[in-house]
Amino acid sequence: MSSIQVKVLLFASAREAAGNVSETAITLENGATISDFRRRVAEKIPALSAFVLDEESSMLALNEEYIQSDDIIRLKNGDVIAVIPPISGG
């Protein structure tokens, strides 16, 4: 089975958890879903597990559009996924 590559953009505390890396790439099997993406990121960058596995913790945006945790979306080669942690403030 062929593979695809997606770009991952990291913001705020997710970027800090990844060692101040703001962008990386993840290789997935062709036909992979957002759930597959979440698992693969957690495997490749364990420090991001809390951000990608807890669907209530962080938002994901696919190609600049927010996605819901229950959306079943097949990813395509070249897609861009942003990991957006909760914003805190006072």
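Predicted model: local features only at pLDDT ≥ 70, side-chain atom pairs only at ≥ 80, totals over all residues.
Modeller: Residues are numbered from 1 along each chain as its sequence is written, and side-chain values use heavy atoms, with hydrogens and water left out.

Colleague: Which residues form the covered face of β1, and which the uncovered one?

Modeller: In a regular strand the side chains alternate between the two faces of the sheet. In β1, Ile4, Val6, Val8 and Leu10 form the covered face, whereas Ser3, Gln5, Lys7 and Leu9 form the uncovered one. Strands here are DSSP E runs of at least two residues, and helices H or I runs of at least four, numbered from the N terminus.

Colleague: How many bridges join β1 to β2?

Modeller: Two strands pair if DSSP finds at least two bridges between them. β1 and β2 run antiparallel and are joined by seven bridges; Val8 stands opposite Thr24 in β2. With β5, β1 pairs in the parallel sense over four bridges, and Leu10 has Val83 as its bridge partner there.

Colleague: Is Ser58 buried or exposed?

Modeller: Buried means under 20% relative accessible area, exposed over 50%, and partly exposed in between (1.4 Å probe, protein chains only). Ser58, in the loop between α3 and β3, is buried because its relative accessible area is 3%. A polar atom of its side chain lies 3.3 Å from the backbone oxygen of Phe51.

Methods
Polar contact = N/O pair within 3.5 Å; in protein donor to acceptor, adjacent residues only side chain to side chain.
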